[in-house]
Amino acid sequence: NHDFSDLMLKDGDNQNVSCDMGNEALNVSESNRDSPRSFLLTINLKEGRNLVIRDRCGTSDPYVKFKLDGKTFYKSKVVYKNLNPTWNETFSLPVKDLNQKLYIKVYDRDLTTDDFMGSASVVLSDLEIDKVNELSLPLDDPSSMEEDMGVILVDMSLSLRDGDSKRGHNRVRQDSSSVGSPQSYRLSETLKKSQLWTSVVSVTLVQAEELLLDTQGGQLFVRFRLGEQSYKSKNHCKVANPQWRERFTFNKFLEGPEILEVELWSKEGRRTEECLGMCEVDLSRIPFDRRQLFTHTLGRGRLVFLLTLKTCSTVSISDLCAAPLDEPQERQNQLDSYSLKKSLKNLHDVGYLQVKVIKATDVLAADLNGKSDPFCVLELGNDRLQTHTIYKSLNPEWNKAFTFPVKDVHDVLVVTIFDEDGDKAPDFLGKVAIPLLSIRRGQQITFQLKKEDLGGLSKGSITLELDVIFNPVRASIRTFQPQERRFLEDNPKFSKKALARNVLRVQTQYRAIISTLQYIKSCFQWESVQRSLLAFLVFVVTVWYWEFYMLPLFLVLLILRNYLRIRSGWVSHDLESERRGLMEKIHMVQETIITLQNLLDEIASFGERIKNTFNWSVPFLSMLAFLVFVIATVITYYIPIRYIVLIWGINKFTKKLRNPYSIDNNEVLDFLSRVPSDVQKIQYSEVRPSRKKKIL
């Protein structure tokens, strides 16, 4: 067996140790038999001083990356809101060539792209061997105008290694049976610890009180932040006492931040935002399972919200051989926890999901060498876990088991494969989306990877084994509660494809409604004597014996009818192919825009005609509507509505029989068609000529 340093990354970063680096370390160890010049570099990252500001709040969230030979081999934890961070992290790296530079880069953690805060470098040959070198490294950025970017304090030591050396701090033992098999090495305990949350913070945003506002225009929203998790409330019109009534949750990690930041923002237009005030809550002082009411005074008013801290023990990462639900006792415990007899206990805990990420096959090659460095990210709602990285492979095997708490059985498990790309953002390789209700328990399934928008197939496939256990009563209750929103959703961008698809969806619904109305109209027209006679009898009997329970009964019969049609195979779910030629796409865009233009015009005109009926835009029509409403009021006062509907129905059914050549009409729509819309009012308005002064 050979020992080599654990090059595992922290803070949930996807840049885990490369098995190729591990094998390289093993080769270095073996080469020591021939060459004794092999070294162990031990680094103690201590602290930073006077680092630069990168956030709008006047501080930064710094972390450090260490790079050697073009590869990132270590990433520190993030220290939030601190320009003088303290890390005190120690790690080791086997080195065989001292004629190279070690690069130290500092970044500010952000939700989207991390900001660069400066870098420094150390030539390894300048270090004294078998001695602790205390270094104060000034940071620099050639593209920045800032002169002083702060310093990083580190201790470095070089020591000679032989084949049996056991020096170093964070080490992983590699069995001889696993040498050369990157897929079999175990996930770092540090990486797992950085991903697993131990408790959940439930936040209920209630309202703001007595806000002092400069202007009445614009909107208000509240932003909550716990470490890297950030939630933005819905926009509310700017008033002195806005009420949101929103609930969401944050995951609290064992070594994560304890401070919950709350900010009240004012927004005017698309980009102009102003912070009206902020406050902080120390979560370490909040007891578990007790709801706490907070009323914090901000600079211009008060903010009211509730916090509840609950433990969470159902999230885990393990090897396939130690999957929780594979143990009979653990499976039975979970079945008991979500059994029907415990349906009314802990209603927020709906179920338990286990995902085995086994392997991927024939994924896209994202690197110049024709390979990829794939890792897998699993997302369920706002919960997120990930695998380690398999380097230089198009057929990675992760062989890991993940478990999630299920908050809503209607959630969708999204599994995405990325290519690790050093300091840059990872490249997308493929994605699958699996609704929890579609999971067949315990079956191993291979899914074809899809594109980022899930609209078409990508290259490759992924093999998963899924198992979900949930309580149907809790799931049913949760269905009638607000759905959990994403923490921070991307701003929507214009897409011709999405616009065409949405217009097509509206047209499909419109055609279905028109088809239903045509069917009803055919009953009035007696196109089929048997159908019209049956419809007439059903109408008379229903109206005469009408009770309110008949409405849900009708919906029950409609659902049962469609269920039987689906079971019998009468209904197909074929999807229309979206492959089109260039000219077809151009015509499709034109037709889509014209259809959307006409649709918006009809909707706007319909609403404006109703408005103009009541605001006396055309006095004759408004007076006519007034008289009709007066007559309708008198009639409905003296005659029961049942008889009025019956008379109306008999008139509609017998109109064709009384006058075979009558023209169909809808009296309400015919009346509204005479009322001008706002556009027509402008077009029909008189243009008054300007008066010119007489010249004497």
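Predicted model: local features only at pLDDT ≥ 70, side-chain atom pairs only at ≥ 80, totals over all residues.
**Entry 1: helix α10**

I began with helix α10, which takes in residues 641-658 and so has 18 residues. From its first C-alpha to its last I found a reach of 25 Å, close to the 26 Å expected at 1.5 Å a residue. I then looked for a bend and noted a kink of about 30° in α10, centred on Lys652.

Next I asked which residues of α10 are buried. The list holds Leu646, Gly649 and Phe653. I set beside this the rule that an α-helix has 3.6 residues a turn, so residues three or four places apart point the same way. For what covers the buried residues of α10, I noted that α5 (496-525) and α6 (529-544) are included.

**Entry 2: salt bridges**

I searched the whole structure for salt bridges, and the search returned 21. I wrote up some of the pairs in turn.

In the pair of Arg54 and Glu146, the closest N and O atoms are 3.1 Å apart. I checked the accessibility of both partners: Arg54 counts as partly exposed at 23% relative accessibility, and Glu146, with a relative accessible area of 32%, is partly exposed.

I turned then to Glu210 and Arg302, which form a salt bridge with their closest N and O atoms 3.4 Å apart. This pair links distant parts of the chain, with Glu210 in the loop between β11 (197-209) and β12 (219-226) and Arg302 in strand β19 (residues 301-311), 92 residues apart. Glu210 counts as exposed, because its relative accessibility is 52% and the cut-off for exposed is over 50%, whereas Arg302 is partly exposed with a relative accessible area of 26%.

For Lys400 and Asp319, I noted a salt bridge whose closest N and O atoms are 2.2 Å apart. Here too distant parts of the chain are linked, since Lys400 belongs to strand β24 (residues 397-406) and Asp319 to strand β20 (residues 316-319), 81 residues apart. Are these two partners buried or exposed? Both Lys400 and Asp319 are buried.

**Entry 3: a network**

Last, I looked up which residues are joined in a network of salt bridges, and I recorded Arg109, Asp114 and Glu228 as linked in this way.

How values were computed. Residues numbered from 1 in each chain as written. Heavy atoms only, no water. Helix = DSSP H or I, 4+ residues; strand = E, 2+ residues; numbered from the N terminus. Expected span 1.5 Å × (residues − 1). Bend = angle between axes of the 7 residues up to and from the residue. Buried < 20%, exposed > 50% of the residue type's maximum accessible area, 1.4 Å probe, protein only. Contact = heavy atoms within 4.5 Å. Salt bridge = Lys/Arg side-chain N within 4 Å of Asp/Glu carboxyl O.
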